[in-house]
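I set out to record what I looked up in this model, entry by entry.

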Amino acid sequence: MNQLQNLNSALAVIHIIDLGNTIELIIQSTDGSFHHHSVNSKKVRANVDHLLETLQDEELSSTDERVIISYSQAIYEKLIAPIKTYLPPSGTLIFILDKSFQSLPMGLLYDGKDYLIKHFSIAETLGSRVRQPKSLHKDQLKALIAGLSKDSPSFTDPNAPQGSKPLLQTAQEVKDVEKQTKSSTALLDDKFTIKRFEEELSQNNFPIVHISTHAQFSSDPFKTVLLAYDKVINIKDFGSLIKGTTQNSQDAIELLVLSACQTAKGNKHSVLGIAGIAVQAGARSTVATLWQVDADSTAQVMREFYKGLKNGETKAEALRLAQLSLLSDPKYKNKPYHWAPFLLVGSWL
């Protein structure tokens, strides 16, 4: 963790470790000093379980915000409030989370007045498995963009998410990302085949890879997939694609964006699902979602996210600003379902 010092003057690192009877917090403050806080796990776990259950419910989009706040505020009061004195008033928080907390969007924690995302940009890392943080410069805004907006043969694959429907907004999302990047190659619908995607990755250097499609995480590895046009991309094959690319180039895949349903969703054994596998395979940063997302609000988040990157913001701050754009939008203001599922895993710079 010493490598994290001096990367950001308003950066704090928070380890949350579940030891069974207690939850241990180890904080590295902006000055590099370490602090420790311990809390009885019974005071935390029930609210974490209730919040995760609520967030993964199929009725989340219509859930009263006050229900979510009741759990997220209780978690904040036990985990964040006692260590607030060690944190900067604003800046970036890096969370290194035990498995039981990894599916929790930390920006959703509520202090009684504001969500944590109002004051901090937030990222999660996978400890020693994350690559050294590195800024994404404006001249690196070169992207491979792949997406599905129409019916495709992969929808009928037995391992595909059931009930997959065309993502009509994907075509516009692909155009929006193209506009905000310096140069790009777009593979939309029937151009987004596994073979073409693999060829582009292996033959060209794309610091950014953006995928907008259906996806799912499952305890069955064969059902943990992303949908290309012709077939599903199994998670093992996807990990191999990323790993092969990152091994071939020192600068390969600085940012992988998975604009899809439940790409970060996991369980206690999944290490953040597809996003975690991508980071472990060598992608320096991954943006993914924790539950099934709305296509319209997701397109807005992605548009604002790339706008922030183009303006020179860090990945974490660009994502925060994109989420805040939904929080200030009357259509989405009181609906965490829309703004809270987006997660940055890996490098925040």
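How many residues of β8 are buried? I found that six of its six residues are buried, so that β8 is mostly covered; buried means under 20% relative accessible area, exposed over 50%, and partly exposed in between, with a 1.4 Å probe and protein chains only. Helices (H or I, at least four residues) and strands (E, at least two) are DSSP runs, numbered from the N terminus.

Entry on the source. I note that this is a predicted model, in which local features need pLDDT of at least 70 and side-chain atom pairs count only at pLDDT 80 or more, while totals for chains, interfaces and linings use all residues. Residues are numbered from 1 along each chain as its sequence is written, and side-chain values use heavy atoms, with hydrogens and water left out.

Entry on confidence. pLDDT is the predictor's confidence in each residue, from 0 to 100. I read a mean of 89 for the protein, with 90% of its residues at 70 or more. Confidence is highest in helix α2 (residues 65–79), at 98, and lowest in helix α6 (residues 273–281), at a mean of 76. Over residues 1–7 pLDDT stays under 50, and for this stretch the model has 14 contacts beyond four places in sequence; contact means heavy atoms within 4.5 Å.

Entry on β8. Two strands pair if DSSP finds at least two bridges between them. β8 pairs in the parallel sense with β6 over five bridges, and A143 has I208 as its bridge partner in β8. β8 also pairs in the parallel sense with β12, over six bridges; there I211 stands opposite L258.

Entry on helix α3 (residues 170–180). The buried residues are T170, E173, V174, D176, V177 and Q180. Why do they lie on the same side of α3? They cover an arc of only 160 degrees around the axis, the arc being that of the directions from the helix axis to the C-beta atoms. What covers them includes β6 (142–147), β7 (183–188), β8 (208–213), β12 (255–260) and α7 (295–310).

V13 lies in strand β1 (residues 11–18) and counts as buried at 2% relative accessibility. β1 and β2 pair in the antiparallel sense over six bridges, with I14 opposite I27. Their hairpin has three residues between the strands, and G20 in the turn has a positive phi of about 95 degrees. Seven bridges join β2 to strand β3 (residues 34–40), again antiparallel. In this second hairpin five residues lie between the strands, and G32 takes a positive phi near 90 degrees.

Entry on S121. I located S121 in strand β5 (residues 120–124); at 2% relative accessibility, S121 counts as buried. The side chain of S121 makes a polar contact with that of T92 (2.9 Å). A polar contact is a pair of N or O atoms within 3.5 Å; within protein, one must be able to donate a hydrogen and the other to accept it, and residues adjacent in sequence count only if both atoms are side-chain atoms.
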